[in-house]
Amino acid sequence: MFDACCHPTRPSGLGRRAFVSARVALLNALFAAGSAAAAERLDATTTITGELTGILLVSVPLAFVVSIILLALYLRAVKRSMLRRTTPRANVGNPIPPASDPPSRDLRLVTLNGREALDDTAIRLTRRAAGGVRRTAAITIAGGLAFAMVMTLSYLIANGIPVLPFRFLYLAVSYAWPIVLTVGLVACISWRGWLAVLACYAAVFAAVVIPSLNEKFTPLAACLAWIIQNGPATILVLVFLARPVRAVGPMVMAFMFAAISGVSVAVHAVGATEERIAWVANAGGTLGLDGRQTFIAVMLIGFVLLGIAGWFILRLIGRMYQNRRISDQTLMIDSLWLMFAINHGIDMVFAGPVWFLAPLGAFAAYKFVTWGLFTLVRPDDDRVPVDLLLLRVFSLGKRSERLFNGFAKSWQHAGTIRMIAGPDLATTTIEPHEFLGFLTGQIDRSFIDSPKTLDRRLAETEPHRDRDGRYRVGDFFCHDDTWKAVLHRLADESQAVLMDLRGFTQRHKGCAFEIHELLNVVPLGRIVLVVDATTDHPFLRETLLQSWKTLATGSPNRHEFEPRVRLFPLATRGPTPGLIRAIAAAADGPPADLTRP
């Protein structure tokens, strides 16, 4: 069988063995049947569907694994740079000396219940935060419906199926499934909320399926059709947008998809004709490679060539992010819809190769609608955004991440979030250009080592909305001898401070310093301290009272008429709307209704 496929002029010795081995390996890898005759029976439909499926099945898990590895390396690099000390001249600020005598009035600790009365400004802030989430969700749903409509019409037309009302609705609801997945990317909801969203979708799906049932189209058949249509893409999306890798998953996925596509293109280009197979086998034999090594070399060349294109895609994403043409949330949601478009394209190819473009047209419709609505339905920009400083106990780990994800999705519609970068949130808030800087070995440029770099970083985090109406999170990477001065500058320039003191104990000397610095710089009414059962409350009280006794002469709190520190007890189930209310009240001054603990 193999002799019939060989080139008339056969090489001898090592070259011949390499030629035969490479040809067999290429044919087995490409055509499964192991012969050129099998290759001739492959039409465009089989090629597109098989290759795209294979590329996705390889690139998505590989992107997940690579993301985990890269984020681990990134976290190690961040920790190493954080422990590094700069030169003595790299001072970025001066600490405030304590006063010789304590303030005349005693400090009180009061507990917020999340239901305090708010003034007009604080009410507008809470409405802006909640309204921004609803606005983003509504626009995304509108874009998703446009995607579903285009996909439904394309499917019916491509297959010559009459457009009937319930048939159209069934397909549209099925194609609109990614709307449900975007809910978790737009808003932070509990598992009960997820169940409610799924129940609503299931009710709508049942409402359009039941009238269409007959002897052939049974409930089981309807569910199986839905699973075949949406199941694979859902699994793939949940892999590369999993919470541990979500910050970089779409970018790594874009690179891996391009690189793995390069492998497929290279192998197909070589295996297209027997002459090419012979030429590659001869070249491999000349270099001393056997058949397997030649095949691997072909794959590596394809990986590198299109991998370079994938790198340029990453650079383009980074530039678009820096120019505020996309946001981190937009990048994640768009990657979700694009994955479903590619998955549906694999199905549409069976109606003809050109129909592979229909899902890409549906994705373009989604982008056109969302871009247009985000442009037309702009939030009120005449109100000054609030710069929120977020401080926390770094050892909280995942608990800190859950709190951040809980309130940030809402608060970013009301103002910016600034924080000193730490190992707990370093891999959650990493920005595209920071990730690219790490990949190119320039992570140290993100660290603040002088007043000039601090000014530059502050300018980068100025409160400007992205196209989707959200403000950004600003990480300030500090060395071991610069974080205190950076803290002082951030505290002085922030309109509100949220400090997560869950798990605060005597071991956290850095947090004790932060508390002392806040009392010296920030008006008490603008500070909210988050606590729970894991907080060492006696030690926290002792730290606050001791810091109060040594309050600096120039502190804005020294002549406070009724000095009070506000504590917000956080329930174990996570962030609540009450926390957003507390931050909004702090940004505009002290709440009106306070109760003693």
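Predicted model: local features only at pLDDT ≥ 70, side-chain atom pairs only at ≥ 80, totals over all residues.
**Entry 1: H5 against H7.** The crossing of H5 and H7 is left-handed. On the H5 side I listed Phe166, Leu169, Tyr170, Val173 and Ser174, which meet Tyr201, Val204, Phe205, Val208 and Val209 of H7. Sorting the residues of this contact by class, I recorded nine nonpolar, one polar and no charged.

**Entry 2: confidence.** The protein averages a pLDDT of 82, and 86% of the residues score at least 70. Confidence is highest in helix H13 (residues 357-376), with a mean of 94, and lowest in helix H2 (residues 36-40), with a mean of 40. Over residues 1-42 the pLDDT stays under 50, and for this stretch the model has 56 contacts beyond four places in sequence. Residues 590-597 are also below 50, and I noted 23 contacts for them in the model beyond near neighbours in sequence.

**Entry 3: H4 against H12.** Next I looked up helix H4 (residues 120-158), which packs with H12 at an angle of about 10°, the axes being 12 Å apart. That angle makes H4 roughly parallel to H12. From H4 the contact takes in Thr136, Thr140, Gly144, Phe147, Met151, Ser154, Tyr155 and Ala158, while H12 supplies Gln329, Ile333, Trp337, Ala341, His344 and Met348. By class I have eight nonpolar and six polar residues here, with no charged ones.

**Entry 4: H11 against H15.** Helix H11 (residues 291-322) packs with helix H15 (residues 432-439) at an angle of about 140°, and their axes are 8 Å apart. That makes H11 oblique to H15, and the crossing in which H11 passes H15 is left-handed. I listed Trp311, Leu314, Arg315, Gly318, Tyr321 and Gln322 in H11 as meeting Pro432, His433, Leu436 and Leu439 in H15. The residues of this contact divide into six nonpolar, three polar and one charged.

**Entry 5: salt bridges.** Which residue forms a salt bridge with Glu434? I found Arg457 as its partner, with the closest N and O atoms 3.7 Å apart. The pair links distant parts of the chain, as Glu434 sits in helix H15 and Arg457 in helix H16 (residues 451-460), 23 residues apart. Side chains of opposite charge can pair when their charged atoms come close.

Methods. Residues numbered from 1 in each chain as written. Heavy atoms only, no water. pLDDT = per-residue confidence, 0-100. Helix = DSSP H or I, 4+ residues; strand = E, 2+ residues; numbered from the N terminus. Contact = heavy atoms within 4.5 Å. Axes fitted to C-alpha atoms, helices over the stretch in contact; angles between N-to-C directions. Parallel < 35°, antiparallel > 145°, perpendicular 65-115°, else oblique. Left-handed = near helix turned anticlockwise from the far one by under 90°. Nonpolar A, V, L, I, M, F, W, Y, C, P; charged D, E, K, R; others polar. Salt bridge = Lys/Arg side-chain N within 4 Å of Asp/Glu carboxyl O.
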